[in-house]
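Keep the model open beside you as you read.

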Amino acid sequence: MERTRLDTARIRAARRVIDPVFLDTPLYRCEALGPDLGCAVSIKLETANPVRSFKARGAEVVASLLADNGSTAVVCASGGNLGQALAWSGRARGLDVTVVASRFGPAVKLDRMRALGARLELVDGDHDMARARAAAIARHEGIRLLEDSLDIETCEGAATIGLELVDAASSFDAVLIALGGGALATGVGHVLKVFAPEVEVICVQPAGAAAMTLSWRQRRVINTDSTDTIADAVVGRCPISAVLNDLLLVVDDAVLVQEASIVAGMRVLLEGAGLVVEPSAALGVAAVLEDRDRFAGRHVVTIVCGSNVDLDAYHRWVGAGAGAGAEDPLTLN
């Protein structure tokens with residue numbers, strides 16, 4: 001394999017600075033999902049932790065390095081999950097954390113970032129506008145800018161999930177990974193290509209936020225003008241070239257799924273696994289629902305990457321009880 005920006009030794013070292021509460025997350029075969037999906041499904045559950053997403057793995061690495069170097073402040077742009085993770089990790093290490101976010105983001109994520117001690121600045125635009133504002137704050141205040149996916153620590157922190165997958169006793173045929181900025185896919189994909197190259201690495205992105213997938217397919221950065229998806233954790237319009245270069249080396253396929261399939265995936269995870277998840281965490285299941293023949297008879301792992309979801313919105317999407325009487329996802333906005 002050609003070299004990515006990631007380093008396996010640094011990934012192993014990352015485990016030593018990440019709080020154990022975020023490590024060795026559950027990986028289990030969920031037999032109840034088999035009849036719905038037509039394949040064997042194992043869940044890698046990244047939501048049973050203080051910030052309810054995988055983002056803390058990378059944030060822990062960044063915060064540890066900053067504290068060791070005597071830094072006192074850091075700023076990032078976030079839709080909510082990274083901001084919560086950085087606030088949690090920074091608070092434990094005496095760092096002042098500023099998060100720039102879209103004011104149109106889920107209130108539950110904005111409120112939780114404040115509750116964890118972050119100074120929150122809101123912009124009247126999307127995540128890419130928040131990225132630009134975070135960079136401006138870093139320049140003006142002379143503090144560290146954390147750029148998710150570009151900063152290698154975020155990728156190598158996420159890559160510790162890959163180590164846990166390859167260390168598992170069971171074997172599997174494919175791993176389904178939500179694709180946004182690329183840290184999760186880059187990290188896990190790197191480890192799998194090094195230690196389990198026979199495993200297919202498949203990224204999944206909403207059709208309404210397809211910039212990174214389009215870039216992967218055309219092997220060059222493709223920016224989009226807008227996004228339109230309920231999966232707020234994966235809504236970037238402007239992929240980062242260095243991250244794309246890594247993805248091209250470690251990802252076997254990148255697929256797009258429709259909003260109706262994302263909602264259906266959330267229902268499947270609720271009914272079959274008892275999991276309340278945010279839309280991005282259902283992308284892997286959505287991919288199976290849209291292409292059952294591809295996965296029939298195979299053993300796939302889906303990384304359930306986050307559960308920070310507004311419950312009112314969740315009930316609108318999934319429907320009370322998620323069974324009879326639930327709304328048709330094709331009519332949802």
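**Exercise 1.** In this predicted model, find out how far apart the closest N and O atoms of Arg-5 and Asp-246 are, and what the pair ties together.

*Solution.* Start with the atoms: the closest N and O atoms of Arg-5 and Asp-246 are 2.6 Å apart. The cut-off for a salt bridge is 4 Å, so this pair qualifies. Finally, check accessibility. Arg-5 has a relative accessible area of 25% and is partly exposed, whereas Asp-246, with 3%, is buried.

**Exercise 2.** Work out how Arg-131 and Asp-128 are placed in helix H6.

*Solution.* The two residues form a salt bridge, with 3.1 Å between the closest N and O atoms. Both lie in helix H6 (residues 127-141), and because they are 3 residues apart, about one helical turn separates them. Arg-131 counts as partly exposed at 25% relative accessibility; Asp-128 counts as buried at 11%.

**Exercise 3.** Is Ile-202 buried or exposed, and which residues is Ile-202 in contact with beyond its neighbours within four places in sequence?

*Solution.* First locate Ile-202: this residue is in strand S8 (residues 200-206). Its relative accessible area is 0%, and buried means under 20%, so Ile-202 is buried. Now look around it. Leaving aside neighbours within four places in sequence, the contacts of Ile-202 include Ala-174, Val-175, Leu-176, Asp-253 and Phe-295. Then try a C-alpha to C-alpha distance: Thr-302 is 100 residues from Ile-202 in sequence and 9.8 Å away in space.

**Exercise 4.** Describe how domain 1 and domain 2 meet.

*Solution.* Begin with the bounds: domain 1 covers 8-53 + 152-318, and domain 2 covers 54-146. Their centres, taken over C-alpha atoms, are 22 Å apart. Next come the contacts, in which 33 residues of domain 1 touch 27 residues of domain 2. The size of an interface is often given as the accessible area lost when the parts come together. Here the two domains bury about 2,400 Å² between them, with 58% of that on carbon and sulfur atoms. Last, count the charged pairs: 7 salt bridges cross the interface of domain 1 and domain 2.

Methods
Residues numbered from 1 in each chain as written. Predicted model: local features only at pLDDT ≥ 70, side-chain atom pairs only at ≥ 80, totals over all residues. Heavy atoms only, no water. Domains from an automatic or database assignment. Contact = heavy atoms within 4.5 Å. Buried area = accessible area lost by both parts, 1.4 Å probe. Salt bridge = Lys/Arg side-chain N within 4 Å of Asp/Glu carboxyl O. Helix = DSSP H or I, 4+ residues; strand = E, 2+ residues; numbered from the N terminus. Buried < 20%, exposed > 50% of the residue type's maximum accessible area, 1.4 Å probe, protein only.
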